[in-house]
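Biologist: Please put the sequence and the model up first. I will then ask about them a piece at a time.

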Amino acid sequence: MARRHRAALSTGSLLSAAALLSALSPVADGRLSLHMLEEMLVLAIVVPLLAYGVSPLLSRRMAARIHPIAGIVALNLVLFGSQLPAVVDLASNDLGFRAAMQAAFMLGAFLFWWPVVRRDGLSPIAKIGYLMVAGVPPTIPGITLALSHHLFYHAYRSIEDQQLA
């Protein structure tokens with residue numbers, strides 16, 4: 001394994017532990033905006049580093065089986081599913097369910113990032129298109145939360161915090 005892959009894997013692992021096990025996690029439990037920030041840091045920084053770090057460890061045959069469309073679908077299923085009010089409320093009260101949701105979130109994000117970080121994956125221009133297409137669906141719940149005057153989550157009691165999230 002090359003030094004850059006080891007560095008990415010080590011950094012991703014440390015950032016993952018810092019994001020998910022830190023003293024800020026209980027603070028994020030009380031504020032939806034911090035919870036969303038934590039999720040976006042895991043999605044945009046931690047998981048790409050982990051995916052790049054493990055890329056030499058996965059066989060070419062297995063790596064080729066993960067189609068880019070499957071990555072986009074997996075990410076959006078996890079993003080939409082993890083933001084359903086019943087799911088967020090349950091995760092705020094049940095540590096086991098929260099851990100399972102975090103694992104599913106990271107798996108969906110890994111499947112999404114895999115075509116971008118793997119050596120024989122998409123061409124550079126295809127990567128740009130892939131990232132642009134994947135960014136469209138998550139804007140729907142984001143706009144809904146930002147513009148709504150209705151509180152969606154019982155675990156978080158602030159409409160202003162919801163709109164910020």
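Biologist: Which residues does Asp-89 touch, not counting residues up to four places away in sequence?

Modeller: This is a predicted model, in which local features need pLDDT of at least 70 and side-chain atom pairs count only at pLDDT 80 or more, while totals for chains, interfaces and linings use all residues. Residues are numbered from 1 along each chain as its sequence is written, and side-chain values use heavy atoms, with hydrogens and water left out. Contact means heavy atoms within 4.5 Å. With residues up to four places away in sequence set aside, Asp-89 touches Tyr-153, His-154 and Ala-155.

Biologist: Is Asp-89 buried or exposed?

Modeller: Asp-89 lies in helix α6; helices (H or I, at least four residues) and strands (E, at least two) are DSSP runs, numbered from the N terminus. Buried means under 20% relative accessible area, exposed over 50%, and partly exposed in between, with a 1.4 Å probe and protein chains only. Asp-89 has 14% relative accessibility, so this residue counts as buried.

Biologist: What separation do the C-alpha atoms of Asp-89 and Phe-152 have?

Modeller: Along the chain, Asp-89 and Phe-152 are 63 residues apart.

Biologist: Which elements are included in what covers the buried residues of α6?

Modeller: The buried residues of α6 are Val-87, Val-88, Asp-89 and Ala-91. What covers these residues includes α5 and α7.

Biologist: How are α6 and α7 oriented to each other?

Modeller: Two packed helices are described by the angle between their axes and the distance between the axes. The axes are lines fitted to C-alpha atoms, for helices over the stretch in contact, and angles run from 0 to 180 degrees between N-to-C directions. Helix α6 (residues 85-93) and helix α7 (residues 95-117) pack at about 125 degrees, with axes 6 Å apart. Angles under 35 degrees count as roughly parallel, over 145 as roughly antiparallel, 65 to 115 as roughly perpendicular and the rest as oblique, and α6 and α7 are therefore oblique.

Biologist: How many nonpolar, polar and charged residues are in the contact of α6 with α7?

Modeller: α6 passes α7 in a left-handed crossing; a crossing is left-handed if the near helix is turned anticlockwise from the far one by less than a right angle, and right-handed if clockwise. The contact is made by Val-87, Leu-90, Ala-91, Ser-92 and Asn-93 of α6 and by Leu-95, Phe-97, Arg-98 and Met-101 of α7. Ala, Val, Leu, Ile, Met, Phe, Trp, Tyr, Cys and Pro count as nonpolar, Asp, Glu, Lys and Arg as charged, and the others, Gly among them, as polar. By class, the contact of α6 with α7 has six nonpolar, two polar and one charged.

Biologist: How many charged residues does the contact of α3 with α7 have?

Modeller: α3 and α7 pack at about 55 degrees with axes 8 Å apart, and are therefore oblique to each other. Residues of α3, including Glu-39, Met-40 and Val-42, meet residues of α7, including Phe-105, Met-106 and Trp-113. The contact of α3 with α7 has 18 nonpolar residues and no polar ones, and the number of charged residues is one.

Biologist: Are α5 and α8 roughly parallel or roughly antiparallel?

Modeller: Helix α5 (residues 68-82) and helix α8 (residues 124-134) have axes 10 Å apart. Their angle is about 25 degrees. α5 and α8 are therefore roughly parallel.

Biologist: Which residues of α8 make the contact with α5?

Modeller: α5 passes α8 in a right-handed crossing. On the α5 side the contact is made by Pro-68, Gly-71, Ile-72 and Asn-76. On the α8 side the residues are Tyr-130, Val-133 and Ala-134.

Biologist: Is Arg-3 buried or exposed?

Modeller: Arg-3 lies in helix α1 (residues 3-21). Its relative accessibility is 68%, so Arg-3 counts as exposed.

Biologist: What is the radius of gyration of the protein chain?

Modeller: The secondary structure of the protein chain comes to ten helices and zero strands. The radius of gyration is taken over C-alpha atoms, and the globule rule is 2.2 Å times the number of residues to the power 0.38. For 165 residues the rule gives 15 Å, and the chain's value is close to this, so the chain is as compact as a globular protein of that length. The radius of gyration is 17 Å.
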